[in-house]
Amino acid sequence: MKEFEYLKPDSIKETISILSQFGEKAQIFNGGTDLIVEMRDKIIQPEYLVDIKAIPQLNRITYNKQDGLNIGATATLNEISNSKVVQTHYPILVKACKTVGSYQVRNRATLVGNICNASPAADTAPPLLVLEVKVNIIGPTGEKIVPINQFFTGVKKNILKKGEIVTSITIPPIKDKWTGVYLKQGRKKEVDLATVGVAVVCIRDEVRIALGAVAPVPVRAFKTEELLKGKTMDESLLEKAGKSTLTEVSPISDVRSSQEYREEIIKVLVRRAILQAKGGHIL
Amino acid sequence: MKHKIRFTINGEVKEIEVEPNKTLLKMLREDLDLIGAKEGCGTGECGACTVLVDNEPVNSCLMLAVEADGKEILTIEGLSDGINLDSIQESFLKHNAIQCGYCTPGMVMSAKALLSRNPRPTEEDVKEALAGNLCRCTGYQRIINAVLDVAKKGGKK
């Protein structure tokens, strides 16, 4: 690992000023489970490492009926999946957090880090997409809120500009009764990246679908959702849903899977996730 | 620039100066001569470097030494009192849950953390807790049995 200066600001204001001052030379350091590997492999060589874990207000997980759930940037995946409010109101998120890495990794890795890292295979991204999460960002010019589906801009790229940091994400409250499912296909059950990840949320006659590891960024399948809206789910519609989803993604062949296998799995998982979310059986 | 850090290691308070680009694992092995934690993959997949930080298991290869400032760290060396082994270590011996031994310190530390947060784990709980610890001699069943046995006896030998 190349040498760098380690900085540990205790306020957001100080963090922004450091990031603005050093620009490309500075790197935010959160859970570090991706970053330290990339620094070790010399893919990223920051001159200033800015540890944000000493900023108290970034570690909060709060919930209320009006505003929904707010998860701070430094809340770890284990803190989130052990949180009673998350378990009660967003079991889909507990499931997604638990599929990331190992227990040891989840003690360090954060949900906000998972999305900022912007891997196409990020396990928490599909559930956050179907929950229509807002990303809360602060930078030198003030605060802004970006819908999660505009946050990812490419493989390992996000919308953040120089000096900006994500302080938290907010899951807006869902007024109606809803169900959500996240299904992940990997080469093995534990400690693997997703070959394909599919999240589905059903709210009344609406079906929301999002996928990971099938395109340069995690994606919502809006056209397929439109196709399903208001319709009674039957065998032929489930088949159409799978086929339609395929037209909205661009899977590739890589070390984890061939493109052809991904295409098959997408159809299987979309169908299975919709069925599970609707309370049906796995056919 | 070196940073002065102060932390508790296996019950003893230490103050040392470390380079920021040194991982916790390197500091343990090279500066403190605690060579129980091993480097397997160096990328957080094998768990051979597992140690407890404030009672929680982490991959010490994915944590910087400077981050240990103010923390309480427990390594495999801190489990036994020098004469008597920890009940988990005893159980690993009893169940022959060791072949080459490279993964063992990490396995034991993950098991230690599991049993302190959940004293009566199911076999599924044990598998989930140890999923981040690879054993290339594939002695998993004996390891799982060893951990379940400690739980059954309520931590007693």
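**Ground rules.** I am working with a predicted model, where local features need pLDDT of at least 70, side-chain atom pairs count only at pLDDT 80 or more, and totals for chains, interfaces and linings use all residues. Residues are numbered from 1 along each chain as its sequence is written, and chains are lettered from A and ligands numbered from 1 in the order in which they are written.

**Whole chain.** I looked up the secondary structure and found 11 helices and 14 strands in chain A (DSSP runs numbered from the N terminus: H or I of at least four residues for helices, E of at least two for strands). The C-alpha trace of chain A spans about 60 × 45 × 35 Å along its principal axes. I also noted that 47% of the 283 residues of chain A count as buried (20 or more other C-beta atoms within 10 Å of a residue's own, with C-beta atoms placed from the backbone).

**Helix pair.** I then turned to α10 (residues 235-246) and α11 (residues 259-277) of chain A, which pack at an angle of about 135° with their axes 9 Å apart (axes are lines fitted to C-alpha atoms over the stretch in contact, and angles run from 0 to 180 degrees between N-to-C directions). α10(A) and α11(A) are therefore oblique to each other (under 35 degrees is roughly parallel, over 145 roughly antiparallel, 65 to 115 roughly perpendicular, the rest oblique). On the contact (C-beta atoms, placed from the backbone, within 7 Å), I listed A:Leu238 and A:Leu246 among the residues from α10(A), and A:Ile266 and A:Val270 among those from α11(A). By class, the contact of α10(A) with α11(A) has six nonpolar, two polar and four charged residues (Ala, Val, Leu, Ile, Met, Phe, Trp, Tyr, Cys and Pro are nonpolar, Asp, Glu, Lys and Arg charged, the others, Gly among them, polar).

Notes
Two residues are in contact if their C-beta atoms, placed from the backbone, lie within 7 Å. A residue is buried if 20 or more other C-beta atoms lie within 10 Å of its own, exposed if 12 or fewer, and partly exposed in between; C-beta atoms are placed from the backbone.
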